[in-house]
Amino acid sequence: MSDDKRPLLAIETAGANAMIAYFGAPDAGIDDQAASAVAACASALRAAAPCWLVDMVPSYGSLLVTYNPLEADPLTVRATLKRCAQGEATAGRVSQLVRLPVYYAPEAGPDLEALAERAKLSVAEVVSIHTETLYRVYAIGFAPGFAYLGEVDERIAAPRLATPRTKVPKGAVAIADRQTAVYPAPSPGGWNLIGRCPTPMFDPKAEPTMPVQSGDQVQFYAISREEYLALGGSL
Amino acid sequence: MSSDNTSTNTQAHTQPHATLVKPGVLALLMDAGRFGQHGLGLTTGGPLDAEAFFWANALVGNAPEATAIEVSVGGLELRADTPLTLAVTGAQMPLSIDGKPQPLWQSHRVPAGSLVKLAFAESGARAYLAVAGGFAVAPEFGSTATVVRESIGGLDGKALGAGTTLPLNPPADAPALARLPEPLRPEYATTPTLRVLEGYQVAHFSTAQRALFYSNEYSLSQQCDRMGFRLSGPALKCALGGIVSEGICLGAIQVPADGQPIILLNDRQTIGGYPKIGSVFTGDLHLLAQLMPGAKVRFAPMDAACAHAELLLAERRRQQALKQLETPS
């Protein structure tokens, strides 16, 4: 994505069969360059496909690699990771732009009005700010299909709720600080709910299982209550 | 299509099966775990005591990753609808077949119609019940491991319920009965010292904080499940507040703001944003898996090269032990 390459900061032991490569400091916040370096390293490692590779977790500024200790020792894993981190980005998967419909309304997003009030904006302004930003998929985790998207425009960034909800409904579109996401399934959560998306974010029986992957771009667009219901949404 | 249906039906009649009469506290179908699916946000699952799981399968002649039942705390009852060969390993959960007590860590022939009971654990917390051939469950995302939180694996992603019919794979050959000699069985300590590979944000824990961690006992709180064990003891302070979310490996020890460490286990979320001091050595996790809330643990630092050597030696010991299986008298 960017020509300006972010150097590898460190490779740390994570466990007896896991190592983590840092491209951004753990307390540095969201950094687009670090995210690009993570994606490039993950794609280089995937292409190299060493026999010891068990799993990978790309995240904002780090890549966690799990390996089979019967197939490789920590020095080998470290050397391979270093090589993959420093190599040129291979022609990996091209990132796609995924557009996701959202029904923004208090009945679908119980925190929408409070968030607007806090930001001294109208609900319509919040919606237009949320929909005009192009978000990057920084990480997938927490739950199957949960994509961490960033960055939310500072004007509508909002801290997590003081008391998390015990149940956030499936499809809830939410904001926490400068991150936004769609809840793939009902779960507890402390993010601010601003709408609902009818597109399933994780369907084990569908192919592909998820509409987005790490590195993709996402843009939301507003739909009406009728469109939301017609697309399979429920209230 | 119709011939396919016929063959499926015929198979259903001839396929060996068992009925779960009572699941007890928690019974989960489990293979070795789900790997290569972190990109979707799917966790690994798999047996909390990988050592006992391995031996349950080995004793009935199965492949190491064959699907078995992880029984937590006990109280399970199973009826053999067709003859089967089974073995139970792990926690001291008294096993009986048709009311007659039977030893763990060895395989048994169970005639059709027999009732297999696993009473509540006298020590330890998790036992593994394997049958020759393994339970016949379709894998999801490459694994049969049940992860209830994700509704994936096992039968419909759920813990096993009373009355469930469990289909079994027909064993390739009637396996010879086998017993793991007592000296080769894992030793489960009551207050184990868990060895720790320092890593992740360890540099942000001061020398004093690390000394506090290694010189005190921590007890298992009531909040212990397959996702993680929350401990209680002297609070640890990390110089970092929050961090940006990053991948969490098996055994990682995260320290939230309250300073009480949480050891993340098989059903952990794949990424999280709490600082971590390091990870419990994977070769020690089976010791933790056998503890109940209230039990105490200690920690000791471990060198990464030493950890690697220990894992290789453990595998070699396993392979040697496989050659030393006894025939039960």
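Q: What is the handedness of the crossing of α1(A) and α2(A)?
A: In this predicted model, helix α1 of chain A spans residues 32–48 and helix α2 of chain A spans residues 74–86. The two helices pack against each other with their axes 8 Å apart. Their crossing is right-handed.

Q: Is α1(A) roughly parallel, roughly perpendicular or oblique to α2(A)?
A: The two helices of chain A pack at an angle of about 120 degrees. Angles of 65 to 115 degrees count as roughly perpendicular and those over 145 as roughly antiparallel.

Q: How many residues of the contact of α1(A) with α2(A) are nonpolar, polar and charged?
A: Helix α1(A) contributes A:C41, A:A44 and A:L45, while α2(A) contributes A:T80, A:L81, A:C84 and A:A85. Divided by type, the residues of this contact are 6 nonpolar, 1 polar and no charged.

Q: Why is α2(B) described as roughly parallel to α5(B)?
A: Helix α2 (residues 50–59) and helix α5 (residues 304–323), both of chain B, have axes that come within 12 Å. These axes cross at roughly 25 degrees. Angles under 35 degrees count as roughly parallel, and therefore α2(B) is to α5(B) roughly parallel.

Q: Which residues of α5(B) make the contact with α2(B)?
A: Helix α2(B) passes α5(B) in a right-handed crossing. The residues of the contact divide into 6 nonpolar, no polar and 2 charged. On the side of α2(B) the contact is made by B:A50, B:E51, B:F54, B:W55 and B:A58. On the side of α5(B) it is made by B:R318, B:A321 and B:L322.

Q: How many salt bridges does the rule find across the interface of chain B and chain A?
A: In the interface, 40 residues of chain B are in contact with 39 residues of chain A. The two chains bury about 3,000 Å² between them, with 66% of it on carbon and sulfur atoms. Over all chains the count comes to 19 salt bridges. Across the interface of chain B and chain A, however, the number found is 0.

Q: How many residues apart are B:E77 and B:K22?
A: The side chains of B:E77 and B:K22 meet in a salt bridge, with 3.3 Å from N to O. B:E77 lies in strand β4 (residues 76–80) of chain B, and B:K22 lies in strand β1 (residues 17–22) of chain B. The pair thus links distant parts of the chain, and its separation is 55 residues.

Key: Residues are numbered from 1 along each chain as its sequence is written. Chains are lettered from A and ligands numbered from 1 in the order in which they are written. This is a predicted model: local features need pLDDT of at least 70, side-chain atom pairs count only at pLDDT 80 or more; totals for chains, interfaces and linings use all residues. Side-chain values use heavy atoms; hydrogens and water are left out. Axes are lines fitted to C-alpha atoms, for helices over the stretch in contact, and angles run from 0 to 180 degrees between N-to-C directions. Helices (H or I, at least four residues) and strands (E, at least two) are DSSP runs, numbered from the N terminus. A crossing is left-handed if the near helix is turned anticlockwise from the far one by less than a right angle, and right-handed if clockwise. Contact means heavy atoms within 4.5 Å. Ala, Val, Leu, Ile, Met, Phe, Trp, Tyr, Cys and Pro count as nonpolar, Asp, Glu, Lys and Arg as charged, and the others, Gly among them, as polar. Buried area is the accessible area (1.4 Å probe) that two parts lose on being put together, summed over both. A salt bridge is a side-chain nitrogen of Lys or Arg within 4 Å of a carboxyl oxygen of Asp or Glu.
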